[in-house]
Amino acid sequence: MKWHTENIHYGTPTNPCAPDRVPGGSSSGSAVAVGAGLVDFSLGSDTGGSVRVPASYCGILGFRPSHDAISTSGVIPMAQSFDTVGWFARDPAVLNRVGRVLLHLPNVNPVRPSQIFIPEDCFSLSSIPSARTTGVLIKSMEKLFGGSILKHVNLGDYVKEKVPSSHHFLAKGNEHAYNIPSLAALSSSMRLLQRYEFKKNHAEWITTVNPNLGPRLSERIWDAVRSPEENTGVYRSVQTELRAALTDLLKDEGILVLPTVPGDPPKLQMDLASLEVFRARAFSLLSIAGVSGFCQVSIPLGMHNNLPVSISLLAKHGSDAFLLNLVEVLYDTIQEEAGFAEKFTN
């Protein structure tokens, strides 16, 4: 997933919220078109985060559907175990309407969420003050549904216990001292399976054509092409176990809240070495939906220090209609609370 998107061939789309910052992943052109008001909605692909990250950086809504919920027929594959077709919008009603067309969903009445899980350990990875993220969400949920549905959890501990196959990918020593080890393990398993599938899909073309690739992208692509053949069974076990564990946690109408990204959009031309901690934390958060196949929506929460802020909601695989409806119900209240928080914390 090329989440940095500084393109040596065609230039970088201008982030409408912060022109000196990157606009996000490989679908950032679509996000910029929506964020700049040029179109009402747009499509994008999300394998590792290329809808969710640009939505966050450009201050708009972005939806990654449940894996395999929308056909990718005709889309050039990157890694089939994670590829999805997502979309962007500024208006939650438009986001919902587009989803109903793409997902072939009937109109159904919104359903009250049964529980809202807030993993404090995941939000500890974010540099954004909690008053601008979880504080806004908690106040919104309390207004609409009451505080009894809010539950605080430690997601890293839950994943460590419930996804034993992920232990194969735990780093040794202090490599993940700045991260949550069990979620970093999910990220590692996702990256390795993506690399395996990318090689199967594209190695022949890359070695034959030797295309002119940007320096940041070239190294990762050639690493994938030259990687040894691997047994993918343990990767599949991580996927199966994580989906089962999160399904058991959320049940039918539960929601998991996450930071979409761990902080502000990076500056253009920022040294890649300076981004490594941010990048590792970002992939740990993004891999939760990626590995489980759950649906996820990124919701804007206004601006903090003149940069866009967001939060994400996840629902179990196949609960796309429920999540789209919930966003539409929540949106006005969450924007009102975000406005209050912006006024008093900026």
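This is a tour of one structure, stop by stop, with something to select at each.

The model is predicted, so local features need pLDDT of at least 70 and side-chain atom pairs count only at pLDDT 80 or more, while totals for chains, interfaces and linings use all residues. Residues are numbered from 1 along each chain as its sequence is written, and side-chain values use heavy atoms, with hydrogens and water left out.

**Stop 1: the sheet**

Select the strands. Helices (H or I, at least four residues) and strands (E, at least two) are DSSP runs, numbered from the N terminus. Eight strands form an open sheet with mixed pairing, in the order β1-β3-β2-β7-β8-β6-β4-β5. Strands pair if DSSP finds at least two bridges between them. At the edges are β1 (41-46) and β5 (150-153), each pairing on one side only. From one strand to the next the twist averages 25°; axes are lines fitted to C-alpha atoms, for helices over the stretch in contact, and angles run from 0 to 180 degrees between N-to-C directions.

Strands of a sheet pair through backbone hydrogen bonds, either parallel or antiparallel. Now select 61-64 and 295-304: these are β2 and β7, which pair in the antiparallel sense over three bridges. R64 has Q296 in β7 as its bridge partner.

**Stop 2: two helices on the sheet**

Select residues 28-35, helix α1, which packs on the sheet and touches β1 and β3 (84-89). The direction of α1 makes about 155° with that of β1. Next, select residues 92-103, helix α3, which lies across β1, β2, β3 and β7 and runs at about 155° to β3.

**Stop 3: L256**

Select L256, in strand β6 (residues 254-258). Is L256 buried or exposed? L256 is buried, with a relative accessible area of 1%. Buried means under 20% relative accessible area, exposed over 50%, and partly exposed in between (1.4 Å probe, protein chains only). Beyond its neighbours within four places in sequence, L256 has contacts (heavy atoms within 4.5 Å) that include F117, L155, I288 and L313. The C-alpha atom of L256 is 9.0 Å from that of L246, ten residues away along the chain.

**Stop 4: helix α9**

Select residues 233-250, the 18 residues of α9. At 1.5 Å a residue α9 should span 26 Å, and its end C-alpha atoms are 26 Å apart, which agrees. The expected span is 1.5 Å times one less than the number of residues. Buried residues of α9 include Y235, L242, L246 and L250. After α9 comes K251, with a positive phi near 60°.

**Stop 5: salt bridges**

A salt bridge is a side-chain nitrogen of Lys or Arg within 4 Å of a carboxyl oxygen of Asp or Glu. The count by this rule is eleven.

- Select E336 and K143: their closest N and O atoms are 3.7 Å apart. E336 is in α11 (residues 320-345) and K143 in α5 (residues 134-145), 193 residues apart.
- Select E197 and R236, which meet at 3.3 Å, N to O. E197 lies in α7 and R236 in α9, so the pair ties together parts that are 39 residues apart in sequence. E197 is buried at 7% relative accessible area, whereas R236 is partly exposed at 32%.
- Select E229 and K200, which meet at 3.4 Å, N to O. Both E229 and K200 are exposed.
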